Structure formats: structure tokens, C-alpha cells
Amino acid sequence: MTKHIRIAIAGPRGNMGTEAVKLTDRTEHFELCAVIDSKNNGSRLKDIAGMPAVDVPVYTDINQCFQENTIDVLIDLTNPETGRKHLEASLAHGVSPVVGTTGFTEADIEKLSREAEQKQIGVVIAPNFAIGAVLMMKFAKMAAAYMPDVEIMEMHHDRKLDAPSGTAIKTAELIKENRASRRQGHENETESLAGARGADIDGMKIHSVRLPGLVAHQQVMFGGAGQTLTIKHDSINRESFMPGVQLAVEHVVEHKELVYGLENIM
Ligand SMILES: NC(=O)C1=CN([C@@H]2O[C@H](COP(=O)(O)OP(=O)(O)OC[C@H]3O[C@@H](n4cnc5c(N)ncnc54)[C@H](OP(=O)(O)O)[C@@H]3O)[C@@H](O)[C@H]2O)C=CC1
Ligand SMILES: O=C(O)C1=N[C@H](C(=O)O)C[C@H](O)C1
């Protein structure tokens, strides 16, 4: 029998939060019990303009939400500062977080991993829930073993707060597992305009584009003698992330440690 899962969503009015509310509404074994919003405290979700007709309470205080409702999983789709507070509250209340919010540091993830292990609580942090994006990252890791010169170009809508994207950072981390650290480009190269060569992780370059009209896109481009290889993924809407969110929610209630990256549970 499929396990019934009681869920709270933080950031329900956002691009991702709105899709996550719809996901919980159409998924039989998911029950949305409450949402955590930056405003609208004390109202009902269905009464907020533009929200689906789902009748659950709205809280601005996550601790109050956890005190007044029995929640198995928190889906956090906010910003790093809020996400950090929400993760802390979740672990304190024994609620398993599924975190799509990006912008966490390596130190954040290591600390959370230790806490999750200590408290024996499942946590999933996934910089990208789109299955195609996870495959792009895996293929890039494979290619790096043979073509170590690589640059990452990530392109997002212009409302995005963090740069580079969580996906670009995760891609670089996966590539690092198959590529010896090396400086790329000409040894004497200079920038006449600061930032022209992009951000640097271990000698790899990351370039961030922000434009209206874009959703979430990434190209990982490898170069070798006389050839290039480009691995590309496009999310053309936020529905693309929802199968991954569902997978993470179903996983997190069955496990008692932190997982960073959907590739570890696919
Ligand atoms: N892992 C993945 O696959 C994906 C991850 N993301 C990440 O998810 C996050 C959200 O993205 P997106 O939906 O596009 O962003 P939005 O800006 O559209 O949504 C963020 C929402 O969080 C709300 N929020 C801010 N502070 C709080 C708070 N203290 N309590 C509750 N809610 C709060 C905002 O409310 P207000 O507007 O009032 O501030 C807003 O409604 C980002 O970090 C993004 O990078 C995005 C897409 C895919
Ligand atoms: O903010 C977004 O939109 C996205 N954020 C995530 C990231 O930072 O990688 C995932 C996806 O790229 C969309």
C-alpha cells in the first residue's frame, strides 16, 4: 500500500511553490496540511488571489505550523536565508525536509548532514528536480573523464536571486569527481572587463545569463583537439520539476540521512 504523506509547503505563492501545491493536490497519497508564506498569516490558501482552491491554513511562523499540525515532510521552495531557518525548525520538530531552494554552501550541507545523522531524520536537498537535468549532470561527469576542458553556461529567468545556479555548482562538483584540478585557457590570459571569463571552480568556468523569457537552461561544453561536445538541458516550465519533487518526498519518509542531489535516489 502507498504510504500516506502529510506535507507542508514553504513558498506556496512562488513559481515552484504554486506547482508543488498542484502536485500535492493531484497526488492521492499526498495530503497538503498547511503552507508557510512570508505574509497572509492566519488566512486560508484558497482565499489568496491566484492560488488553487485548496483549503489549508497559512502560517508565517514555521514553528507554529509544526506545533499545530502533524507534518511528515516540509517542501521548501523559498530562498537560502529562509531555507536555513526552515531546515533548522524541521529538524527540531522531527519533520523531514525536501529542499529545492538553491544557494546553500558546502559548509551548510555538511552541517545539515551531521545533524540529520544525529537526529536520524531523512533530508533531501536537490539543486535540480528535473530528471533531464540530472541526466545532463551525469553525462557531463562521464564526459569529463575523457575531455577535461569544460565550461558551464547556465541561463535563467531574470527574477532568479542566486548566481551561479545550484545546478551549475552541482554539475561542477560532479565533474570534479572525474577530472583532475587544472587551470583552463591560456596561461597568460587577462580580463580587460572583470568577470569576462566567468566564475571559477577548480579551473572550470561557469557563466550565468539572466533574461526575461528564459525558465531554466544549461549547457555543459567540452573541448578537445579538433572537437567539442555540448550537453544541453532546458526546462521550459516548472511542471518539469514535479516528478522529481514527488520522488524526493516519497524517498525522504523512508530514509534517515541527508541526500544531496536527486541522482542519488533515481
Ligand atoms: N531544485 C529545483 O529543481 C528548483 C529550485 N528552484 C529554487 O527554488 C527557490 C524558489 O524558486 P522560485 O519559485 O522560482 O522563486 P519565487 O521567488 O517565485 O518564490 C519564492 C517564494 O518564497 C517566498 N518566501 C520568501 N521568504 C519567505 C518566508 N520567510 N516564508 C515563506 N515564504 C517565503 C516568496 O514570497 P515573497 O514573494 O513574498 O517574498 C515567494 O513566494 C529558489 O531558490 C530557486 O533557485 C527553482 C526551480 C527549480
Ligand atoms: O531559480 C530557478 O529557476 C532554478 N533554480 C535551480 C538552480 O539554481 O539550479 C534549478 C533550476 O535551474 C531552476
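1. V98 stands opposite V124 in β6. The strands concerned, β5 and β6 (residues 123–125), run parallel and are joined by two bridges. The model is a predicted one, and these points should be read accordingly.

2. β5 and β6 belong to an open sheet of seven strands, ordered β3-β2-β1-β4-β5-β6-β12, with parallel pairing. At its edges are β3 (58–59) and β12 (258–260), each of which pairs on one side only. Helix α4 lies across β6 and β12, and runs at about 150° to β12.

3. Helix α3 covers residues 80–93, 14 residues in total. From first C-alpha to last it reaches 20 Å, close to the 20 Å expected at 1.5 Å a residue. After α3 comes G94, with a positive phi near 70°.

4. Which residues of α3 are buried? They are G83, R84, H86, L87, A89 and S90. An α-helix has 3.6 residues a turn, so residues three or four places apart point the same way. The cover over the buried residues of α3 includes strands β1 (5–10), β4 (73–76) and β5 (96–99), together with helices α2 (62–68) and α4 (106–119).

5. A second open sheet has five strands in the order β8-β9-β7-β10-β11, and here the pairing is mixed. Its edge strands, β8 (199–201) and β11 (227–235), each pair on one side only. On average, neighbouring strands of this sheet are turned by 20° against each other, direction ignored.

6. V220 is placed opposite I231 in β11.

7. Two helices to check against this sheet are α5 and α6. Helix α5 (residues 131–144) packs on the sheet with contacts to β7 (149–156), β10 and β11, and its direction makes about 165° with that of β11. Helix α6 (residues 166–176) also packs on the sheet, where it touches β7, β8, β9 (204–210) and β10; the angle between the directions of α6 and β7 is about 160°.

8. Around ligand 1 there are 25 residues, of which G11, G14, N15, M16 and G100 come nearest. Helix α1 (residues 15–26) supplies the largest share of this shell, three residues. How does the shell divide by class? Eight residues are nonpolar, 13 are polar and four are charged.

Terms used: Residues numbered from 1 in each chain as written. Chains lettered and ligands numbered in written order. Predicted model: local features only at pLDDT ≥ 70, side-chain atom pairs only at ≥ 80, totals over all residues. Near = placed C-beta within 6 Å. Helix = DSSP H or I, 4+ residues; strand = E, 2+ residues; numbered from the N terminus. Nonpolar A, V, L, I, M, F, W, Y, C, P; charged D, E, K, R; others polar. Pairing = 2+ DSSP bridges. Axes fitted to C-alpha atoms, helices over the stretch in contact; angles between N-to-C directions. Contact = placed C-beta atoms within 7 Å. Expected span 1.5 Å × (residues − 1). Buried ≥ 20, exposed ≤ 12 C-beta atoms within 10 Å, placed from the backbone.
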